[in-house]
Amino acid sequence: MLVLGIETSCDETAASIVENGTSVLSNIIATSKEAFEHLGGVIPESAARRQVECILPVITQALTDAHITPKHIDAIAVTKGPGLLGSLLVGTTTARILASVWKKPLIGVHHTLGHLSSTFLQTTDMRQQTTDCFPLLALSVSGGHTELWYRESHIKGILLGQTRDDAAGEAFDKGASLLSLTYPGGPSIQKAAEHGNDHAYEFPLPLKAKPTLDFSFSGLKTALKYLLQSEEPLALRDVAASYQHAICRHLVDRIQKALKQYPDIREIHIVGGVSANAHLRTLLTQTIPDVPARFPLSLAYCTDNAAMIAAAGFFMTEKVA
Ligand code: KG4
Ligand code: ZN
């Protein structure tokens, strides 16, 4: 089954062709991130204007790269939310028109379900694609949300915890802004932290003794603010490394806690923009060596992309069929 995925929830315009939820035949993304680099965030109106210009060329390129024409597509999957309203409208309106003109079924996909499906992209091992990995613990960490899921299947799960304030990606973005680094903050902090000392400065471990699987990042941001106001001379790489470590340690701490409550979990999946973070990957596998951890196979599937939306669309219809 060939699904055309369309994703326009933030500043990106993306289209992808995915076969049977896993095999990526094409994955095109046009992003205006550079335009917002020095502004510390996205301006919704200018993002949507650019998406109107990009959407049809991006879809055309996705078809061309996959060596197919519209008649080969079995369904169209589009991000229905959450996201920036104007941006979402560009994607959903385009998808609706194409579905009607090409006479294809249209599947609305929740953005988070897209991220949760991203660990299955390009998996060639049948065991990894099928039910063998369930139940699994999925941590979805992006600029807009931080959620911990107990997943029973591709489309069924229980939300175990979520952030009470900032999202993990937001903690990186706001931290980068305090450190005068460019947006998006995650890659900037990761780069600044290279060769830095993770333990140079102590940050609190949020919600440590609380009986919850929720997250909280605002205290870390405040601690960083106070640290930067202190009189002592600071090394940027050590501050960046310690702050990055504090965010990752909180994420791994929640996973450890969830594993104690749900001993039947077979795999840990980390998805969303923050799953691209190298320190998080190392810390997780070092701290929890006995439960297999899976990240999206390419960094392009960590941050927002249309392949994950096509994959989620496939898994949703597979269930209905
Ligand atoms: O999933 P995503 O592309 O978009 C949303 O749905 O929000 O995630 C974007 C977030 C940004 O906050 C960005 O700073 C963060 O992911 N991010 C990273 C890294 N790459 C992107 N955070 C930490 N380390 C990275 N390497
Ligand atoms: Zn996202």
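Predicted model: local features only at pLDDT ≥ 70, side-chain atom pairs only at ≥ 80, totals over all residues.
Is N277 buried or exposed? At 4% relative accessibility, N277 is buried, because buried means under 20%.

Start with the location of N277. The residue sits in the loop between β9 (267-271) and α10 (278-287). Its side chain reaches the backbone nitrogen of L280 at 2.9 Å. Leaving out residues up to four places away in sequence, N277 touches F172, Q190, Q244 and C248.

Now turn to the ligand itself. An oxygen atom of ligand 1 is 2.9 Å from a polar backbone atom of G186. A nitrogen atom of ligand 1 is 3.1 Å from an N or O atom in the side chain of Q190. An oxygen atom of ligand 1 is 3.4 Å from an N or O atom in the side chain of S142. The protein covers 90% of the 550 Å² of accessible area that ligand 1 has on its own.

Domain 1 covers 2-127 + 301-320, and domain 2 covers 136-295. The centres of domain 1 and domain 2, taken over C-alpha atoms, are separated by 26 Å. The domains also touch: 22 residues of domain 1 are in contact with 24 residues of domain 2.

Next, look at S9. This serine lies in the loop between β1 (2-7) and β2 (12-19). S9 has a relative accessible area of 4%, so the residue counts as buried. What joins the side chains of S9 and E7? A polar contact of 2.6 Å does. Beyond its neighbours within four places in sequence, S9 is in contact with T79, P82, G83, L84, S87, L88, H111 and D304.

V252 gives a view of a helix. It is placed in α9 (residues 236-261). V252 is buried, because its relative accessibility is 3%. Setting aside neighbours within four places in sequence, V252 is in contact with L280, L283, L284, T287 and I288. How far apart in space are V252 and L284, C-alpha to C-alpha? The answer is 6.0 Å, although 32 residues separate them in sequence.

Finally, check the backbone. Most residues other than glycine have a negative phi, and most peptide bonds are trans. Some places in this model depart from that pattern. A cis peptide bond joins F134 and P135, with omega about 0°. P135 is found in the loop between α5 (126-129) and β6 (136-141). The peptide bond from Y183 to P184 is also cis, with omega near -5°. P184 lies in the loop between α6 and α7.

Two residues other than glycine have a positive phi. For K103, phi is near 55°. K103 is in the loop between α3 (85-102) and β5 (106-110). For L207, phi is near 50°. L207 is in the loop between α7 and α8 (218-229). L207 is at 16% relative accessibility, so L207 counts as buried.

Definitions and conventions
Residues numbered from 1 in each chain as written. Chains lettered and ligands numbered in written order. Heavy atoms only, no water. Polar contact = N/O pair within 3.5 Å; in protein donor to acceptor, adjacent residues only side chain to side chain. Areas by Shrake-Rupley, 256 points an atom, 1.4 Å probe, with all protein chains shown as cover. Helix = DSSP H or I, 4+ residues; strand = E, 2+ residues; numbered from the N terminus. Buried < 20%, exposed > 50% of the residue type's maximum accessible area, 1.4 Å probe, protein only. Contact = heavy atoms within 4.5 Å. Domains from an automatic or database assignment.
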